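Follow this walk through one protein model, element by element. Keep the viewer open as you read.

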Amino acid sequence: NEHDKAQALQQILQAPVSPRRMILCQTPLQDEAEKFGDRLVLVAGCSLHPSGPDGLLRGLGFHNVMSVPDYAACFPELMPAKRFQ
């Protein structure tokens with residue numbers, strides 16, 4: 001989270017760093033969790049978060065997260081390339 005990153009950067013730089021000045025790639029998603037937290041959200045990509053990108057979104061307040069491989073397993077007819085792998 002922003003607080004942890006600010007602390008790490010503060011130690012490296014030996015200068016004060018405010019968490020309010022930190023913007024991570026997931027920072028803008030925090031506000032979206034209020035609107036879309038209970039809706040199905042498809043997540044694609046990678047993350048250094050220990051639980052992966054879906055764990056990162058759940059930590060932000062999204063409750064119904066599905067990865068692309070899970071989506072393909074649920075809806076194989078929508079993933080025609082899957083048949084040729």
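What follows goes from the helices to a strand, with side chains along the way.

This is a predicted model, so local features need pLDDT of at least 70, side-chain atom pairs count only at pLDDT 80 or more, and totals for chains, interfaces and linings use all residues. Residues are numbered from 1 along each chain as its sequence is written, and side-chain values use heavy atoms, with hydrogens and water left out.

Start with helix α1, residues 2-13. Helices here are DSSP runs of H or I with at least four residues, strands are runs of E with at least two, and both are numbered from the N terminus. α1 has 12 residues. From first C-alpha to last, α1 reaches 16 Å, close to the expected 16 Å. That expected span is 1.5 Å times one less than the number of residues.

I12 belongs to this helix. Its relative accessible area is 66%, so I12 is exposed. The classes are buried under 20%, exposed over 50% and partly exposed in between, with a 1.4 Å probe and protein chains only.

Just after α1 comes Q14, with a positive phi of about 55 degrees. Q14 is not a glycine. Its place is in the loop between α1 and α2. At a relative accessible area of 68%, Q14 is exposed.

Now turn to charge. Side chains of opposite charge can pair when their charged atoms come close. How many salt bridges does a search of the whole structure find? The search finds two. The criterion is a side-chain nitrogen of Lys or Arg within 4 Å of a carboxyl oxygen of Asp or Glu.

E32 is partly exposed at 26%, whereas K35 is exposed at 56%.

D54 and R58 form a salt bridge too, with their closest N and O atoms 3.8 Å apart. They lie in helix α3, residues 52-60. Their spacing is four residues, about one turn of the helix. R58 has 42% relative accessibility, so this residue counts as partly exposed.

N64 lies in strand β2 and is partly exposed at 35%. Not counting residues up to four places away in sequence, N64 touches G37, D38, R39, L40 and V41. Contact means heavy atoms within 4.5 Å.

S67 is also in β2, residues 64-67. Is S67 buried or exposed? It counts as buried, because its relative accessibility is 15%. Beyond its neighbours within four places in sequence, S67 contacts L42 and V43. Its side chain also makes a polar contact of 3.1 Å with that of D70. Such a contact is a pair of N or O atoms within 3.5 Å; within protein, one must be able to donate a hydrogen and the other to accept it, and residues adjacent in sequence count only if both atoms are side-chain atoms.
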